[in-house]
Amino acid sequence: MARDQLQVLNALDVAKTQLYHFTTIVIAGMGFFTDAYDLFSISLVAKLLGRLYYTKPGALKPGVLPPSVSSSVTGVALVGTLIGQLFFGWLGDKMGRKKVYGLTLIIMIVCAVATGFSFGHTPKGVMASLCFFRFWLGFGIGGDYPLSATIMAEYANKKTRGAFIAAVFAMQGMGILFSGIISLIVSTAFDRKFPAPTYEENPALSTPPEADYVWRIVLMFGALPAALTFYWRMKMPETARYTALIAKNAKQAAADMGKVLNVEMEAEEEKVEKISRDKSNNFGLFSREFVRRHGLHLFGTTSTWFLLDIAFYSQNLFQKDVLSAIGWIPAAKTMNGINEVFKISKAQTLIALCSTVPGYWFTVAFIDIMGRFAIQLMGFFFMTVFMFAIAIPYDHWKTNHLGFVIMYALTFFFANFGPNATTFVVPAEIFPARLRSTCHGISAATGKAGAIIGAYGFLYAAQSQDKTKTDAGYPPGIGIKNALIILGCINALGMICTFAVPESNGKSLEEASQETFGDDDNDEVQGA
């Protein structure tokens with residue numbers, strides 16, 4: 001397909017696994033580490049925010065965030081992420097991956113620190129400023145999705161490219177785990193330094209004033225991993241595919257990759273000029289030619305990511321049932337505010353350690369053996385099976401706690417050893433270099449729209465049909481059993497949409513994206 005391949009690109013494709021591969025994984029992966037830390041740490045301190053700012057004197061139970069406030073505090077970062085994915089994905093193809101990469105990191109560092117300084121004299125003021133900073137934090141995080149995937153794909157060799165991109169994404173699991181560990185450390189330290197009675201014993205003293213520092217420290221700590229990688233991100237050279245194929249600077253591409261690979265590279269200026277004149281590869285995103293070549297592919301990457309994230313983020317629906325069923329989180333009134341943070345963090349950390357993290361690394365181990373298509377299809381299949389296995393006999397699991405927990409863990413193990421990883425990997429491989437970051441951003445943003453539906457739409461839908469049994473502030477819904485059945489159907493639909501996604505395993509990026517680079521028989525090849 002790409003017989004006229006540039007020497008510098010071919011050298012990257014056939015390069016043995018070297019130190020620079022692992023350096024790139026760490027640099028790009030630490031961004032995802034920070035992304036996951038910032039997006040997931042808010043769930044660890046949300047209960048504490050409710051106690052601090054919404055507890056009413058004389059109430060039988062400690063305060064909780066009202067539904068509108070809870071949705072805003074956690075959801076505003078997802079909205080920011082969606083917008084950031086679209087904007088920085090487009091900017092990465094226009095300005096270059098490296099230039100934009102540093103900008104996203106600066107936004108993440110500044111806004112992660114700023115969340116800890118959320119200010120206001122009233123609960124509404126504090127929550128408003130927290131939402132403001134979390135929106136811009138999400139905006140920076142959004143940029144990391146298309147840029148990290150594109151940079152890793154364009155640096156990797158074709159033999160192990162899937163594992164390298166998946167390893168970057170797997171750092172998300174480590175970020176979730178780290179957020180739990182930091183929260184455990186901070187809550188333990190404050191609980192020992194400022195001991196307090198339970199809410200049952202003394203509501204007024206159960207949440208000491210010093211607890212206001214706990215959530216701020218936990219959220220601010222997300223800036224540290226990002227800050228540690230900033231210098232190395234700035235030292236990274238631009239990817240050869242951007243420099244040669246988009247910026248048309250053959251000499252710079254050869255010089256940059258010569259240093260990376262420690263070999264002499266020829267600056268093939270005539271060949272780059274020939275490629276730039278080839279009109280068959282100059283079509284735009286909204287052209288008929290793009291629709292003909294990649295329209296089905298973009299539908300496949302967007303639809304599967306959208307459906308996956310509805311199911312993946314909906315785990316909040318029954319996570320509280322899992323945690324209460326196995327006794328990890330007692331009733332709120334039997335704990336003080338800081339101790340509740342500890343209990344929630346402990347539960348989340350154990351879930352991440354036993355279910356979330358292993359799934360990511362199973363994908364890393366098998367993606368270049370099984371292929372992207374097989375792993376994604378398998379993941380959606382088992383998510384469908386286990387979701388129905390939870391939903392249909394839902395009343396049975398109320399008395400069989402161990403089986404319920406196992407089904408819950410397996411559902412999300414196969415989400416991570418399945419479409420949660422592959423939906424991130426594939427869009428970075430199957431689109432042309434000049435549109436790669438943009439198309440990845442579009443795919444990721446569509447997924448984030450699914451995340452918003454999964455996290456909040458289904459939170460309302462899963463409320464009991466009996467209005468006397470709904471959570472405080474929520475209207476009646478269709479019930480958790482019916483919500484889970486719908487989610488099972490969504491997973492099954494994701495399995496069907498996977499057939500629109502091409503297999504890119506073992507191919508160069510130019511082969512996977514159908515970039516023909518001046519072949520004489522281009523029309524014949526494309527027609528075939």
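Asp212 and Arg216 sit four residues apart in helix α7 (residues 211-220), so about one helical turn separates them. Helices here are DSSP runs of H or I with at least four residues, and strands are runs of E with at least two, numbered from the N terminus. An α-helix has 3.6 residues a turn, so residues three or four places apart point the same way. Asp212 and Arg216 form a salt bridge, with their closest N and O atoms 3.1 Å apart; the term means a side-chain nitrogen of Lys or Arg within 4 Å of a carboxyl oxygen of Asp or Glu. Both Asp212 and Arg216 are buried, where buried is under 20% relative accessible area, exposed is over 50%, and partly exposed is in between (1.4 Å probe, protein chains only).

A word on the model itself: it is predicted, so local features need pLDDT of at least 70 and side-chain atom pairs count only at pLDDT 80 or more, while totals for chains, interfaces and linings use all residues. Residues are numbered from 1 along each chain as its sequence is written, and side-chain values use heavy atoms, with hydrogens and water left out.

Across the whole structure, the search turns up 13 salt bridges. One of them pairs Glu154 with Arg97, their closest N and O atoms being 2.7 Å apart. Glu154 belongs to helix α5 (residues 123-155) and Arg97 to helix α4 (residues 97-115), so this pair ties together parts that are 57 residues apart in sequence. Another salt bridge joins the side chains of Asp368 and Arg372, at 3.0 Å from N to O. Arg372 is buried too, with 1% relative accessibility. Through shared partners, salt bridges also link Asp93, Arg97, Glu154 and Arg436 into one network.

Disulfides are another story: the search of the whole structure finds zero, counting a pair of cysteine sulfur atoms within 2.5 Å as a disulfide. For Cys111, the closest cysteine sulfur is that of Cys131, and at 13 Å it is too far for a bond. Cys111 is buried, at 10% relative accessibility, and Cys131 is buried as well, with a relative accessible area of 14%.

Next come the empty spaces. Rolling a probe the size of a water molecule over the atoms shows where empty space is left. On a 1 Å grid over the protein atoms alone, a cavity is a set of points where a 1.4 Å probe fits but cannot get out, whereas a pocket is an open set with protein on both sides within 12 Å along at least five of seven lines; lining residues have an atom within 4 Å of a point. Grid points are joined across faces, edges and corners, and a volume is the space filled by probe spheres set on the points.

Among the residues lining the largest cavity are Gln85, Tyr145, Trp305, Asp309 and Lys448. Helices α6 (161-193) and α12 (288-313) are the elements that give two or more residues to this lining, with α12 providing the largest share, four residues. By class, the lining of the largest cavity has five nonpolar, three polar and two charged residues. In this scheme Ala, Val, Leu, Ile, Met, Phe, Trp, Tyr, Cys and Pro count as nonpolar, Asp, Glu, Lys and Arg as charged, and the others, Gly among them, as polar.

The second largest pocket has a volume of about 320 Å³. Its lining is made up of 13 residues, with Tyr20, Thr23, Met236, Pro237 and Val260 nearest its centre. Helices α2 (19-54) and α8 (223-235) each give two or more residues to that lining, and α2 gives the most, five residues. Eight residues of the lining of the second largest pocket are nonpolar, four polar and one charged.

Most residues other than glycine have a negative phi, and most peptide bonds are trans. Lys248, though not a glycine, has a positive phi of about 60 degrees; it is found in the loop between α9 (240-246) and α10 (250-261) and is partly exposed at 38% relative accessible area. Asn262 also has a positive phi of about 60 degrees without being a glycine. Asn262 lies in the loop between α10 and α11 (269-277) and is exposed, with a relative accessible area of 66%.
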